[in-house]
Amino acid sequence: MKKTIRTIISILTAGLMLMAFASCGEKKNELMQGIYEKLTAADSSYSEWKSGFNATTFEEKLDGEAIVITAKGEEGMNGEYTFTHDGDYIIYTTADKEDYSGYSVFMFIRNAVGDYYGMNSTLMNGYLAGLQNFGFENKYLNIDMEKGEYKIYSASKWDMKELDEMYVNDTALEYYEALTEDDVNRIINSGKITVVTYGNKDHFKMFVYEYGDKNTDLTYKSIMAVMNKFQPTDYELFNKYYTELKEVKDADGFTVTFGLDKSMEEAGEITGLDDYSCVTIIYNASK
């Protein structure tokens with residue numbers, strides 16, 4: 001009788017273990033299914049990107065724990081790219097370390113992870129940039145160029161706890177040059193802050209976006225860092241008098257207003273920042 005009871009217990013235990021494993025499998029499949037659906041949605045960034053190819057065909061499929069994308073063409077994308085769920089990450093390993101085409105698709109997998117968890121993609125990008133700009137540990141995105149391995153954290157929504165410390169700092173601007181007489185457009189993303197600039201040293205527009213319902217000292221720090229790096233004409237005067245985040249009207253050619261300049265809003269030149277507040281700076285040098 002005792003042997004029979006032990007046998008029954010063993011069978012029940014084995015059954016429970018199988019149920020647990022099945023449950024884990026279902027959870028993984030649910031995650032990858034959800035990310036796959038976000039990736040291939042008609043309005044996704046990936047769908048928009050691949051529509052720009054004229055002579056390349058793409059095919060996507062969900063194969064167990066992996067998303068497999070096959071590209072056939074002669075426009076830089078040609079081959080099979082496999083993104084596998086492994087623990088807390090989705091991993092892509094390139095067959096050729098010199099081939100960076102898969103990295104392009106990997107970035108859209110990253111966007112799909114964000115969409116799956118309801119995260120703002122611009123904020124995600126800014127957070128990842130901010131981790132690098134401020135030297136914080138990055139568990140969310142890991143790229144090993146030597147191994148040709150790319151990993152994106154997919155186990156849960158990102159906490160992004162360092163966001164309130166991030167802005168456009170000197171490191172974020174390291175590879176930019178001062179403005180000249182030539183017009184140039186620039187976009188810098190770091191943490192909660194996205195800076196968009198247009199123009200030249202004498203005619204300059206800067207839009208400083210901060211995630212949330214108001215601009216804070218993170219916006220002010222970003223403004224000053226950009227001014228010191230881009231150096232529009234008479235920027236020293238601006239630096240001397242602009243000591244806090246505030247609106248100013250035509251101070252030495254600089255006008256600062258809270259909100260997006262209506263002409264830019266109507267032109268539709270800035271999109272994807274609906275969850276952000278904006279400060280507009282317009283400068284015209286006196287002649």
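Author: Start with serine 154. Leaving aside neighbours within four places in sequence, serine 154 is in contact (heavy atoms within 4.5 Å) with Leu31, Ile35, His85, Asp88, Tyr89, Ile90, Val113 and Tyr117. This is a predicted model, where local features need pLDDT of at least 70, side-chain atom pairs count only at pLDDT 80 or more, and totals for chains, interfaces and linings use all residues. Residues are numbered from 1 along each chain as its sequence is written, and side-chain values use heavy atoms, with hydrogens and water left out.

Reader: Is serine 154 buried or exposed?

Author: Buried, at a relative accessible area of 0%. Buried means under 20%, exposed over 50%, and partly exposed in between, using a 1.4 Å probe and protein chains only.

Reader: Where does serine 154 lie?

Author: In the loop between β6 (149–153) and β7 (186–190). Strands are DSSP runs of E, at least two residues, and helices are runs of H or I, at least four, numbered from the N terminus.

Reader: How many helices and strands does the protein chain have?

Author: Seven helices and 12 strands.

Reader: And what share of the residues is buried?

Author: 42% of the 287 residues in the protein chain.
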